[in-house]
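Hi there,

Here is the structure I promised to pass on. Have a look at it first, and then read on for my notes.

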Amino acid sequence: MLTIYSDDHHLHHGRCELMDGQLMPCFEMPSRADHVLERVKARGLGPVEAPQDFGLEPIQRIHSAAYLEFFKGAWDRWAKYNREGDLLPFTWPARTFRTVIPTSLHGQLGYYSFDAGAPITAGTWQAAYSAAQVALTAQAEIQRGARSAFALCRPPGHHAAGDLMGGYCYLNNAAIAAQAFLDQGHKKVAILDVDYHHGNGTQSIFYERSDVLFASIHGHPEAEFPFFLGYADEYGEGAGEGFNFNYPLPAGSGWDTWSVALEQACGQIQGYDADVIVVSLGVDTFKDDPISQFKLDSPDYLAMGKRIAALGKPTLFVMEGGYAVAEIGINAVNVLEGFQSAQ
C-alpha cells in the first residue's frame, strides 16, 4: 500500500488549546504523524512518497473562497500586532447575535471558527494545504487503478466544514478527496468515519447530497465533542435525505459494541454500492487515548481493517485523530495491515 506523506506537517505546531478551563499544550502535535510514519516503514507497508501539488482548485470545490482567503492570510495579519502566541478566537457569533462577517481579524476568526482548538501559527496554512495535497495524491493513485492508498495527513480535517475550522481541523482532506473522485467520473462515494469524534464538518458538507454517503461511528454528542452534531436522527436533508448515518455510542464502549455499529455502517455502504470508499481513519478510539472514552485495543484495529476490506471497493484511508502518541502508529498501521491481509 502506497503512503503519501509530507514533512510540511511540522510547520504547524500549536502552542496551546483551550480545554477544561485551561490553556494547555495541544494534544494534536507533530509527533503523531512522525510515529505513524515510523510504523509504516518498520512494518514494510509499502513505498512512501511525497505529494504532488494539485493547486487550490480541488480545495475550492469544498471550501468557500472567502474562508480560504481568510485562512491563508490570517497569520500575516496577526503578525502585524507584534504579539507572542498563536492566533486563537475568543468571540463567536452566538444564537442571539447577527450573522455578519466583521472586518476585524478577531471578528473574522470567530466567524470562521467553532472552538478554540484550532490555533493558527506561522506555518498552519502551508501544513494544511500540504495535507490536502497528500489526500489528493493518494486519491490520484486510486484513480489510476490502485485498490488502496494511505494519505498520512496532518493536520486532520474531518471537523472542518466548508467555511469553518475547529477541532484541530482547517481543510477537510477526506471531503476534498471524495469530491475529486466525483469530479473525475465516479458517481457515488462513501465516507466511513471511524474517529472517536463525530465528523461534523464532513457531514455538513454533504448533508444535502446523494452522491456521497456519510457514515460515522463516534462518542455520543450528548457528552462528547463536537456536541452539536452526530445524533442518530440526522439522516440528511433534501436530495441527501437517507444518505447520512450516525452511530453515537456511550463512553466505555469496547470492540463488542463498536463492531456492531461498524457492521451496521458497512451494511449501509454495501447497499449504497459506492464506486469508492474514503475512510476517515481516526484511532482515538484506543483504550488509552487521553481525550477519548472508547476501549478498543490494538488487535481490534486489525479486525477493523479486515471488515472494511470485505466491502470489496477501492479504499482511500485518510488520517484523522489519535492522541495516544506512543500507540498511534501501531493502531493506524494495524487497520491498514488488516485491510491488506483480507485482499
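Before the notes, one definition: a residue is called buried when its relative accessible area is under 20%, exposed when over 50%, and partly exposed in between, using a 1.4 Å probe and protein chains only. This is a predicted model, so local features need pLDDT of at least 70 and side-chain atom pairs count only at pLDDT 80 or more, while totals for chains, interfaces and linings use all residues. Residues are numbered from 1 along each chain as its sequence is written, and side-chain values use heavy atoms, with hydrogens and water left out.

Let me start with some backbone details. Tyr168 has a positive phi of about 75° although it is not a glycine. With a relative accessible area of 8%, Tyr168 is buried. Its place is the loop between β5 (148-151) and α6; helices (H or I, at least four residues) and strands (E, at least two) are DSSP runs, numbered from the N terminus.

The loop between β7 and β8 holds Pro226 and Phe227. Here the peptide bond from Phe225 to Pro226 is cis, with omega near 10°. Phe227, which is not a glycine, has a positive phi of about 70°. Phe227 counts as partly exposed because its relative accessibility is 37%.

Those residues bring us to the largest pocket. On a 1 Å grid over the protein atoms alone, a pocket is an open set of points where a 1.4 Å probe fits, with protein on both sides within 12 Å along at least five of seven lines; a lining residue has an atom within 4 Å of a point. The space in the largest pocket is about 1000 Å³, where grid points are joined across faces, edges and corners and the volume is the space filled by probe spheres set on the points. Which residues lie nearest its centre? They are Phe114, Asp115, Phe225, Pro226 and Phe227, out of a lining of 40 residues. By class, 22 lining residues are nonpolar, eleven polar and seven charged. In that count Ala, Val, Leu, Ile, Met, Phe, Trp, Tyr, Cys and Pro are nonpolar, Asp, Glu, Lys and Arg are charged, and the others, Gly among them, are polar. At least two lining residues come from each of β2 (17-19), α4 and α7 (200-206), and β2 gives the most, with three.

Helix α4 (residues 105-111) includes His106. Not counting residues up to four places away in sequence, His106 touches Trp78, Leu87 and Phe90, where contact means heavy atoms within 4.5 Å.

Next, the sheet. Eight strands form an open sheet in the order β4-β1-β5-β10-β9-β6-β7-β8, with parallel pairing. Its edge strands are β4 (48-49) and β8, each of which pairs on one side only; two strands pair if DSSP finds at least two bridges between them. At the β4 end, β1 (residues 2-4) and β4 pair in the parallel sense over two bridges, and Thr3 stands opposite Val48.

Six bridges join β8 to β7 (residues 212-219), and the two run parallel. Ser216 in β7 has Asn246 as its bridge partner. Ser216 is buried, with a relative accessible area of 0%.

Two more elements to look at. In helix α6 (residues 173-183), ten of the eleven residues are buried, and just after α6 Gly185 takes a positive phi of about 115°. Leu23, in strand β3 (residues 22-24), counts as exposed at 60% relative accessibility. Its contacts beyond four places in sequence are Cys16, Glu17, Leu18 and Leu88.

Finally, from the records: an unreviewed UniProt entry lists residues 28-335 as "domain: Histone deacetylase". UniProt positions are given in the numbering used here, feature names are shortened, and annotations may be inferred rather than shown by experiment. That span is 38% helix and 12% strand, and its end C-alpha atoms lie 20 Å apart.

Best wishes
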